[in-house]
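Trainee: I am new to this structure. Please take me through it in short steps.

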Amino acid sequence: MTEQNKPNEANENTSNASTTATQSTAKNGISHRQKRSGLFGSIITIVLIIILGGCLYYYLNLKHQQIVNESSELQQQINELLRQQETEKQQINQLTESQRITQLDKKEYEQQLEQRVEELQAQITTLSSTDVKRWLLAQADFLAKMAGRKLWNDYDPVTAIALLKSADSSLAEMNDPNLIEIRKTINSDISALSAITQIDYDGIILRLNQLSSDIDNLRINDSTPDGKPMDEDSTELSNNITDWKQNLSQSWKSFSKNFITIRRRDSHETPLLAPNQDIYLRANIRAQLLITAQAVPRYQEQIYKQSLEQASTWIRIYFNTNDAATKAFLTEVDKLIEQPITMDIPSELKSLLLLDKALQKRIQGQIPSSATPIPHKTQPTNEKKKNQDIKIVPPTPTEEAVKPSNKTAQEKTA
């Protein structure tokens, strides 16, 4: 048993030894493979790190390049803005300089204007009293001529008197004893115009218009007292059957009376109007009154009287002159016929000739000529082309002396 067991133990030991060797060999192979896989992983990791580092470097480099490009563009824009700022600054300096020059020129021109105004004031103050009197005399002559126009063109002696009084006031302001004779003549003309009988032309026209309205109230002349038309030979019969006796008698009388009729043709009988013909008669009379009213403002006295006489003749022929309305109408017409419509206007004003002669003597001296305008200095900038040259021309003595007096004359005339 012991010997048999020994080979078995040996076999077991051998098998255990081989198993141990196999296990160690397997462990060594595994450890070797693990080492190789770890080295390969390390290499892959390093390669990835290198690739990532390269990509990061490329990205950072590209970003840096973009930043550099943007910085250069911004720098160019800043430089451009600086150049524009410099240009605008130069333009502002130029404008400031031109404005300063303009202000200097303006001050210089204002000084010239002030100097010129002082010269003009000196010239105005040095105007002699003779010039002022000359303008007052010219004004008096003008007012006298206007009085003549109002007198002969408009038949208005009232306004003519007012204008002559204004002319006399102008001469009184002159306080010149040489004009006493002219003032006497003006007062004589005023007295002559005051003696003219004034005619109320508006009142005459109103009276004619009233007569034209009263024509419809006049009564037509007829042969029967009851106002029925026509003649005594009328053969009209009554339509009432109860009047048969009167109708029979009227018929017999008409037959016996008209069996033989004798009429005289040498008498002047008042003509009778046909029925409804008085409308045209009244219209014709009204037309004559209208012609009369139109002749009044034209001072046509002949036409005025002829029209009134024609209207009066028609009224006396065709209307009942015994009626109160007709009598009053004819009385008013007769008064208007006797009313003259023309005034005894003098053919001349003696003061006009004397004023013209006196004015001609005063005008022999020349009126001082107006001063020359200030030369305008040209300005260096283009803006001064927009400004117009100002020329100061002093007013003539006529404008200065006559304007106040004319205003006074207009107020007096009004």
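Trainee: Among contacts in the chain between residues at least 6 apart in sequence, what share joins residues at least 24 apart?
Mentor: Contact means heavy atoms within 4.5 Å. The model is predicted, so local features need pLDDT of at least 70, side-chain atom pairs count only at pLDDT 80 or more, and totals for chains, interfaces and linings use all residues. Residues are numbered from 1 along each chain as its sequence is written, and side-chain values use heavy atoms, leaving out hydrogens and water. Of contacts between residues at least 6 apart, the share joining residues at least 24 apart is 77%.

Trainee: How many helices does the chain have?
Mentor: Helices (H or I, at least four residues) and strands (E, at least two) are DSSP runs, numbered from the N terminus. The chain has 0 strands. Its helices come to 11.

Trainee: Is threonine 326 buried or exposed?
Mentor: Threonine 326 lies in helix H9, residues 324-338. Buried means under 20% relative accessible area, exposed over 50%, partly exposed in between (1.4 Å probe, protein chains only). Because its relative accessibility is 0%, threonine 326 counts as buried.

Trainee: Which residues is threonine 326 in contact with?
Mentor: Neighbours within four places in sequence are left aside. The contacts of threonine 326 are then Leu218, Arg219, Ile315, Phe319, Asn320 and Thr321.
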